[in-house]
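This report describes selected strands, aromatic pairs and charge–ring contacts. Please view the sequence and the structure together while reading.

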Amino acid sequence: MPKQFLSAALFVALGQAAFAPCSYGQAAAKPGENPIIRDVFTADPAPLVYKDKLYLYVGHDEAKEGQMFNMNDWLCYSTTDMKHWTAHGPIMNVRDFKWATKDAWASQVVARNGKFYFYAAVQEGAPANAKAIGVAVSDSPTGPFVDARGSALISDKTTPGPNGWDDIDPTVFVDDDGTAWLAWGNPNCYLAKLKPNMTELDGPIQRKEVPNYTEGPWLHKRGNLYYLTYAAFAHQGMSEKMCYATAPKVTGPWTYRGILTDQAKNSYTIHPGIVEFKKQSYFFYHNATLTLPTGESGALGRRSVCVEYLYYNPDGTIQPITQTVAGVSGPPSPSRPAPPASAPATSAPGVSVVQNLLPRPAQWPGAPLLSTMSNPANTALDNISFNHDKGGTSLGQTFRVPADGKLTRIDLFGGDGLGTDTKQSVTLALYDLGTQENPAYTPGTNLLGGGKGLAIAYTPQPAGLLQFDFAGANQVPLQAGHTYAFELQGLEKSAPLFWRASRQEAYPAGGAYFNRLPLRLNDKPGYDFGLAVYTTANPN
């Protein structure tokens, strides 16, 4: 019998039997220790509190060696004490959505109108052949769930773009006034209002810009403050960490609050679920630390759900979460001091930094002397920082000046990152490479900051323009026919900010450099960073 049918039969046989954590070849676990589900691989946890129980909906990882993901159904568990879990078996198979072909990915269940609505990411069949979000409904939190529409709620044609995987990871939040909201997406965060029937959109789709967003959004509310928690950094070449933002309204504006918890052990993905149950808040996630009795160990497509206590600060921010083996096996410890924050960096005299000048710019503002591309948002698609490849200490873009003038401003298409502080700085540099047609990148005197460069202070922002305004001696003369190199200098393998690069040669009169060598992506050179240069007429 195929493994997926064996698992289903096993869960049906278990029925409402209590699931007690056991060792399966690992050290014996106390109730409440992580991972909390130990007989199968589970992922993408979504908690729901209904009456006196907490229900937990999870994806079911069945990947074998050589497979990335193999997920066919969704499982449900419940608890009354957060330590002992009851298995309710598979609540739905991906092929119960007749229009879907595979991939029972992240899901969430919400209660509304006396029914339970199940939102899940799947692979839609032809002609779309792309990720989509379906909705199913049941009279019980444990199912069975049936397709509520007969078609996708969100499909690739709903959010047209270059990526067929962007419609994944749905989260649904019902506000105090009864309004329901759906958020989802990779690498963009989408938000839309749902009609009271919970199966149709009620108005346009909005795109929410928050720093470092990759996927896996989770919406919740505490008091008058809204929270958006999400997996971050993967689109920048790093393992996912969990970040969050807060807002006075579910539509924003969102204030970035930083990293909530670090990378999950053995897993480059992480997925949030936040809920309050019996006056205590909890944070669900997954890692890849479980070993099954068959000897299968955790891996990319074999993850395991965990839970930690979650604590708020008096100002509504969330205390950073440490991932533990103990989980919730012991009592909560609400009196926890917040860790000291790193000292903020300050910009050097002679340069001012304007952030969020223009989100996802289709063009450069004003009339720059020159730019490396006309449509940065659609041309500069790759995020590069000092952590690229094996790491480096400089990112540079060369450009040839067509007319004399004094440097007044440089705009770059950047955003995201960890921001600068006293331990992680970024310095601006400018070098004159001479008048040769293709000059070597051999920097001489730094023209900025009296030859020492200009330190900048930067906090994470969503993808958009960063503006550097130069004053005094830093309005250096630029000479027609000369090639210059504008450079960001930082710590090797750090990621204070990301400068976005093209995927082709967009500017023939210059190029992108990493560690002062031509930037290589996918082992090929020939790229440009998003850059615009502004000057005034040179009076000399």
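Which residue in β16 stands opposite R222? It is L225 that stands opposite R222 in β16.

## Basis of the report

This is a predicted model, in which local features need pLDDT of at least 70 and side-chain atom pairs count only at pLDDT 80 or more, while totals for chains, interfaces and linings use all residues. Residues are numbered from 1 along each chain as its sequence is written, and side-chain values use heavy atoms, with hydrogens and water left out.

Strands are DSSP runs (E, at least two residues), numbered from the N terminus. Two strands pair if DSSP finds at least two bridges between them. Strand β15 (residues 213–222) and strand β16 (residues 225–232) run antiparallel and are joined by 7 bridges. The two form a hairpin with 2 residues between them, and G223 in the turn has a positive phi of about 65 degrees.

Of the 10 residues of β15, 8 are buried, so this strand is largely enclosed by the rest of the structure. Buried means under 20% relative accessible area, exposed over 50%, and partly exposed in between (1.4 Å probe, protein chains only).

Strands of a sheet pair through backbone hydrogen bonds, either parallel or antiparallel.

L182 has A192 in β13 as its bridge partner.

## Aromatic pairs

Rings of Phe, Tyr and Trp (its six-membered ring) pair if their centres lie within 6.5 Å; planes under 30 degrees apart count as stacked, over 60 as edge-to-face and the rest as tilted. By this rule the count comes to 20 aromatic pairs. One of them, Y441 with Y513, is edge-to-face, at 4.6 Å centre to centre and 75 degrees between the planes. Y441 lies in the loop between β27 (426–434) and β28 (454–456) and Y513 in strand β33 (residues 512–514), so the pair ties together parts that are 72 residues apart in sequence. Y441 is buried, with a relative accessible area of 10%, and Y513 counts as buried at 17% relative accessibility.

Elsewhere, W74, F97, W99, F118 and F145 form one aromatic cluster.

## Charges over rings

A charge sits over a ring if NZ of Lys or CZ of Arg is within 6 Å of the ring centre and within 35 degrees of the ring normal. R222 lies over the face of Y312, at 4.0 Å from the ring centre. R409 lies over the face of Y534, at 3.8 Å from the ring centre.

Key:
Helices (H or I, at least four residues) and strands (E, at least two) are DSSP runs, numbered from the N terminus.
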